[in-house]
Amino acid sequence: MIPSVHKPGTRTIGLLAYLYGPGKREEHVDPHLVASFDGFAPDPGRDSSATLKDLQLLLDQPVQALPENSRPGKHVWHCSVRAAADDRLLSDDEWGEIARRVVAATGIDSGGGEPACRWAAVRHADDHIHIVATLVCEDGSRPDDYRSGKRAQAECRLIEKELGITAVAAGDGTAAQRPTSAEQYKAERKSRARTPREELRETVRRAVAGVAGEEEFFDRLAAAGLLVRPRLAPSGDLLGYTVALPDDRNKDGEPVFYSGSKLAPDLSLPRIRERWTGAADPGHNEDVQPARSPRSPATGPASARRRAAGAAWQAMLVIDHGGDGAVAAQIAAAGEVLDALAKTSAAHTRRELRKAAFAFERACRSHIRAERGHDRALRQAARDLIYSGPALGRGEDGATTAMLIDMAFFLVIAAANWHGKKEHAQQVAAARQAANHLRAAYQAAAGHPMGALHQRGRHLPPTLQRKLAAHLRRAVPELAEQILAEPGWHALAATLADAEAAGHEPATLLAEAATRRELGTAESVSDVLVWRLRRIADLPADPTPVPPATTSDAAPVRRPRTTRPGREGKRRDR
């Protein structure tokens, strides 16, 4: 259940006309009262003798009773309360009780003989009501409605439990501003999948991923096709920025600009500047070179993904053991890595990765302020992903994408667990939603490389397979039988064989990989171990499948030359 306390208004009759009218899209059906301050307010929806003016005069009476110079300028209080999409249909009596509890909790009508405001609750749809009140009590005093939005949220959490309906995650004031109903209606008319506000938020977040300075940031915005307008102080100093989509125009044909802070709290220019505070100058750091060729083996997509997986692992250690400010910085930087990964990945994974990044955006902010500087490795990883260029969906590029997605999944779960300990309900829900999308992206990315490893593992000699299974039972006895029964065991066996051929002790490597992080959230433990082992042992992520040797494949045997007795001495004499 989602309560929304709107900004105070000036005209009671105007709000009532909207609530009892047809709506902007003819969506209002059977508008009528479900409750009011005294239970006897006139209802223009169900009583043909009642008018909107009658209801307005009744509600405004305490305001009109004050001297004109004592009346509040904005005296109309408005709160909408909406049920979740999959909740059962609530009756008028239930909505009426909800309205009475909300006005009591917010100080509009506390009950118990306390001075109260006049109010009425209108229902014009199955899933929500609107509560209208005038902010003057019967005795002429003002109500104690301080932080009424927070108080309404808390009361709705209790109502959800009592009615057995969907428990909505409580907000903490750090969420991005939701699109207005007018923006949503305009997007529908224009056949847009999302509102311009949401499109701009995603585009700006991608532009800021791994960015190292203002000039680079604004260059990326322009390259993304946005209209950019800087906001300057009288001194000429840059204070902020606004952005617009070229095809989003108002009724006068002018672009509709949004400031960064209106897109999300952490996209204002001062907050973006914090990201590179203390970061190395890209001109003096060989690891931050935008001009590097993306085809270079050291800087290509596969290499960038390997480094990002390593940075993600280090970030998980900080989340497990670091201070709150450092952890908040790592989680925010994890969002940049997801944005960069979505931007540079192949088409078959891009859709789910974009959804993961879009969902995780909410998990990147809380009341705990990020201490920037601790996140340098992850931000560098995001930058490397951007400048390494787009990855192919196959070969080492595709396999290291699967490796990074696997690591990103555990990083996102670690973020969800940390937020859970802090009771950040919305952030937990966002992180878990992102994890679900990462699972889907992993399935798309891992199909080919895991299939190749699976075939190699199936063709290993039986004696070698038994030996590798023994290593597994010795290293992780509590998980061994589960892993051996998984479809991914053959891929893990091939990886263990590769590690042994590279000079590693398989049992030792397995024990290290298994203890690095819990495996309980993994759908396939063997898959997780494959990527951990291949990263730890620095093995190719997508080795070329090696077919079993056959007679025709065998190298020809060179026989030693023989000489007849007495011939050898003659050759030496020649």
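**Briefing**

At 38% relative accessibility, aspartate 30 counts as partly exposed, where buried means under 20% relative accessible area, exposed over 50% and partly exposed in between (1.4 Å probe, protein chains only). The model is predicted: local features need pLDDT of at least 70 and side-chain atom pairs count only at pLDDT 80 or more, while totals for chains, interfaces and linings use all residues. Residues are numbered from 1 along each chain as its sequence is written, and side-chain values use heavy atoms, with hydrogens and water left out.

**The chain as a whole**

- The chain has 21 helices and 8 strands; helices (H or I, at least four residues) and strands (E, at least two) are DSSP runs, numbered from the N terminus.
- Of the 574 residues in the chain, 49% are buried.
- Among contacts in the chain with a separation of 6 or more, 70% are between residues 24 or more positions apart; contact means heavy atoms within 4.5 Å.

**The five-stranded sheet**

- An open sheet is formed by 5 strands in the order S1-S3-S5-S4-S2, with antiparallel pairing; two strands pair if DSSP finds at least two bridges between them.
- Strand S1 (2–5) and S2 stand at the edges with a single partner strand each, so one side of each has no neighbour in the sheet.
- Neighbouring strands of this sheet are turned by 20° against each other on average, direction ignored; axes are lines fitted to C-alpha atoms, for helices over the stretch in contact, and angles run from 0 to 180 degrees between N-to-C directions.
- Helix H3 (residues 92–105) packs on the sheet and touches S2, S3, S4 and S5. The direction of H3 makes about 45° with that of S2.

**Strand pairings**

- Strand S3 (residues 76–82) runs antiparallel to S5, and 7 bridges join the two. Tryptophan 77 stands opposite alanine 133 in S5, and serine 80 has histidine 130 in S5 as its bridge partner.
- S4 and strand S5 (residues 128–137) are paired in the antiparallel sense over 6 bridges, and a hairpin of 2 residues joins S4 to S5.
- Histidine 130 in S5 is also the bridge partner of valine 122, while isoleucine 131 in S5 is that of alanine 121.
- Strand S2 (residues 32–36) and S4 run antiparallel, joined by 4 bridges. Here leucine 33 stands opposite valine 122 in S4.

**Burial of S4 and S5**

- In strand S4 (residues 117–125), 9 of the 9 residues are buried, so the strand is largely enclosed by the rest of the structure.
- S5 is mostly covered, with 10 of its 10 residues buried.
- In a regular strand the side chains alternate between the two faces of the sheet. Both faces of S5 are covered: one side has His128, His130, Val132, Thr134 and Val136, the other has Ile129, Ile131, Ala133, Leu135 and Cys137, and all are buried.

- The model has 5 cavities of 30 Å³ or more. On a 1 Å grid over the protein atoms alone, a cavity is a set of points where a 1.4 Å probe fits but cannot get out, and lining residues have an atom within 4 Å of a point.
- The largest cavity has a volume of about 40 Å³; grid points are joined across faces, edges and corners, and a volume is the space filled by probe spheres set on the points.
- The largest cavity is lined by Arg201, Glu202, Arg205, Asp339, Ala357, Phe358 and Glu361.
- Helix H6 (196–208) and helix H12 (347–360) each supply at least two residues of this lining, and the largest share, 3 residues, comes from H6.
- The lining divides into 2 nonpolar, no polar and 5 charged residues. Ala, Val, Leu, Ile, Met, Phe, Trp, Tyr, Cys and Pro count as nonpolar, Asp, Glu, Lys and Arg as charged, and the others, Gly among them, as polar.

**Individual residues**

- Aspartate 30 is found in the loop between helix H1 (12–20) and S2. The phi of aspartate 30 is near 50°, a positive value in a residue other than glycine.
- Glutamate 423 lies in the loop between helix H14 (395–421) and helix H15 (425–458). Glutamate 423 has a phi near 60°, a positive value in a residue other than glycine, and is exposed, with a relative accessible area of 71%.
- Aspartate 320 belongs to helix H10 (residues 301–321) and counts as partly exposed at 39% relative accessibility. Aspartate 320 and alanine 415 are 95 residues apart in sequence and 9.2 Å apart in space, C-alpha to C-alpha.

Key. 1 Å grid on protein atoms, 1.4 Å probe; cavity = no way out; pocket = protein on both sides within 12 Å on 5 of 7 lines; lining within 4 Å.
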